[in-house]
Amino acid sequence: IWTFKKRWNPYFGAGFTLASADAESPTSSGLNSDSDLTEGMWAGAGIFFRAGTNFNFGVVARATVMREYRIFGINRDANSTHIGFVIGWGAERSGEK
């Protein structure tokens, strides 16, 4: 996390991810179930504003690129993206006391 103009804090991150999928499908003899595990990578970035000494609010975006799932013999896309909001409390920085 970096700080500029004393209150704005941009950040980024990246890493590996593992995800699992479970599905059930009704059949005449009961439920048919299938599952799969896949891996991939994610990258994200955001920025938050420090209001006062402890309150943070901002926005974050993340993208995940993953291998396909295979459920009931059908390959399914596992990639995803999201945008979220940051609202929370942060510890005081040493220079803020």
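Predicted model: local features only at pLDDT ≥ 70, side-chain atom pairs only at ≥ 80, totals over all residues.
Residues are numbered from 1 along each chain as its sequence is written, and side-chain values use heavy atoms, with hydrogens and water left out.

**Entry: Arg 50**
I found Arg 50 in strand β2. Helices (H or I, at least four residues) and strands (E, at least two) are DSSP runs, numbered from the N terminus. The Arg 50 side chain makes a polar contact with the side chain of Asn 56, at 2.6 Å. Such a contact is a pair of N or O atoms within 3.5 Å; within protein, one must be able to donate a hydrogen and the other to accept it, and residues adjacent in sequence count only if both atoms are side-chain atoms.

**Entry: the strands**
Next I followed β2 to its partners. Strand β1 (residues 8-27) pairs with β2 (residues 30-51) in the antiparallel sense over 20 bridges; two strands pair if DSSP finds at least two bridges between them. I saw that 2 residues lie between β1 and β2 in their hairpin, and that Gly 13 has Gly 44 in β2 as its bridge partner.

On to β3 (residues 55-66), which pairs with β2 in the antiparallel sense over 12 bridges. Here Trp 42 has Thr 64 in β3 as its bridge partner. The β2 and β3 hairpin has 3 residues between its strands, and Gly 52 in the turn has a positive phi of about 75 degrees.

**Entry: the core**
Which residues make up the largest nonpolar core? I listed Ala 19, Ala 21, Met 66, Tyr 69, Ile 71 and Ala 78, 6 residues in all. β1 and β4 (69-71) are the elements that give two or more residues to this core. A nonpolar core is a set of buried Ala, Val, Leu, Ile, Met, Phe, Trp, Tyr and Cys residues joined through side-chain atoms within 4.5 Å.

**Entry: a charged pair**
Last, I checked Glu 39 and Arg 67, whose side chains meet in a salt bridge at 3.3 Å, N to O. The pair links distant parts of the chain, with Glu 39 in strand β2 and Arg 67 in the loop between β3 and β4, 28 residues apart. A salt bridge is a side-chain nitrogen of Lys or Arg within 4 Å of a carboxyl oxygen of Asp or Glu. Glu 39 counts as partly exposed at 36% relative accessibility, and Arg 67 is exposed at 56%.

How values were computed: Buried < 20%, exposed > 50% of the residue type's maximum accessible area, 1.4 Å probe, protein only.
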